[in-house]
Amino acid sequence: MDAKTDELRAAHDVLAELYADRLGDALDHMPTDRVVLDLFCELTRTAGVGSTEVADIGCGTGRLTPYLAARGLAPRGIDLSPEMIRLARRDHPDFDFHVADLRRLPFGDTSLAGVLCWYSLIYLSPTDRSAAFGELARVIKPGGYFVTAFKIGDNRVRRAGRSTDLGVEFDVYWLSPDEVERRTTDAGFTTVFWAGRPAEGQEGSPQGYLIARKS
Ligand SMILES: C[S@@+](CC[C@H](N)C(=O)[O-])C[C@H]1O[C@@H](n2cnc3c(N)ncnc32)[C@H](O)[C@@H]1O
């Protein structure tokens, strides 16, 4: 594992309990997130690709999986951080969770009806993005869907983690909507929805959302 990936994984191992505490019921208070997830669920469920299996990639503590299952999808999750996966299994024992890197997905070609990357693509360095988006496209069936939520910014690297006072730091990229849509389109998707909203509370940046269909 390279030093940046090791730093990111170790930081999220430390942050995992905080995520479980703070974000466990966050969707209840985030109507925009629910609207985007609801649209993704409906599009994927009715895509006619012969499956409702989806992967939550960079799933953290697995908080989205029950929401997706309640809307007719069959979700599983992967995350880089073993501690995130331990808490996901603890808090959501009815679902499968595995440690894996989104740059090398443990799924077969065209095996999934859909993929979610909810705030998990914002750690990819520019040099990793083309291959990573290609990997997402590889595992989705033609006609299936991809959804991502991301922090909006100028694409420059910044350091995150300090504000938690847990002694962790790692690289993050607040992405422009143009960058996310270009990477998605280049990987073989067609955008069907995008949106943004201003920062709320302590978020620090506007939030972006994109849903795309695999060609
Ligand atoms: C901001 S958290 C979001 C977690 C979850 N999607 C949610 O909304 O609660 C980002 C997650 O992405 C994971 N992650 C970052 N880079 C990853 C990679 N290359 N492969 C897999 N997971 C990754 C982190 O470990 C972390 O759990």
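**Figure 1. Aspartate 33, a buried residue of the predicted model.** At 1% relative accessibility, aspartate 33 counts as buried, because buried means under 20% relative accessible area. This residue of the predicted model belongs to helix α2, which spans residues 31–45. Leaving aside residues up to four places away in sequence, aspartate 33 touches Leu27, Trp118, Tyr119, Arg197 and Tyr209. With tyrosine 209 there is a polar contact between side chains, at 2.6 Å. The C-alpha atom of aspartate 33 is separated by 9.8 Å from that of glutamine 207, although the two residues are 174 residues apart along the chain.

Figure 2. The ligand is surrounded by 18 residues, of which Gly58, Arg63, Asp79, Leu102 and Trp118 are the closest. By class, this shell comprises ten nonpolar, five polar and three charged residues. Helix α1 (residues 3–23) makes the largest contribution to the shell, with three residues.

**Figure 3. Polar atoms facing the ligand.** An oxygen atom of the ligand lies 2.6 Å from a polar side-chain atom of arginine 63. In the side chain of aspartate 101, an N or O atom is 3.1 Å from a nitrogen atom of the ligand. The backbone of leucine 102 places a polar atom 2.9 Å from a nitrogen atom of the ligand. Of the 600 Å² of accessible area that the ligand has on its own, the protein covers 96%.

**Figure 4. The largest nonpolar core.** This core holds 36 residues, and those touching the most other members are Ile57, Leu105, Phe107, Val115, Leu121, Leu136 and Phe146. At least two of its residues come from each of α1, β1 (53–57), β4 (112–118), α5 (126–139), β5 (140–151), β7 (170–173) and β9 (207–214). Helix α5 gives the most, with five residues. Another core, of 18 residues, lies apart from it and includes Leu64, Leu68, Leu116 and Tyr209.

**Figure 5. The contacts of phenylalanine 146.** Residues up to four places away in sequence are not counted here. The contacts of phenylalanine 146 include Phe40, Val115, Cys117, Leu121, Phe133, Leu136 and Ile140. Among them are also Thr184, Phe189, Leu210, Ile211 and Ala212.

**Figure 6. Serine 176 in a loop.** Serine 176 is located in the loop between β7 and α6 (177–186). Its relative accessibility is 16%, so serine 176 counts as buried. Apart from residues up to four places away in sequence, serine 176 touches Phe150, Gly153 and Asn155.

Terms used: Residues numbered from 1 in each chain as written. Predicted model: local features only at pLDDT ≥ 70, side-chain atom pairs only at ≥ 80, totals over all residues. Heavy atoms only, no water. Near = heavy atom within 4 Å. Polar contact = N/O pair within 3.5 Å; in protein donor to acceptor, adjacent residues only side chain to side chain. Areas by Shrake-Rupley, 256 points an atom, 1.4 Å probe, with all protein chains shown as cover. Helix = DSSP H or I, 4+ residues; strand = E, 2+ residues; numbered from the N terminus. Nonpolar A, V, L, I, M, F, W, Y, C, P; charged D, E, K, R; others polar. Core = buried A, V, L, I, M, F, W, Y, C linked by side-chain atoms within 4.5 Å. Buried < 20%, exposed > 50% of the residue type's maximum accessible area, 1.4 Å probe, protein only. Contact = heavy atoms within 4.5 Å.
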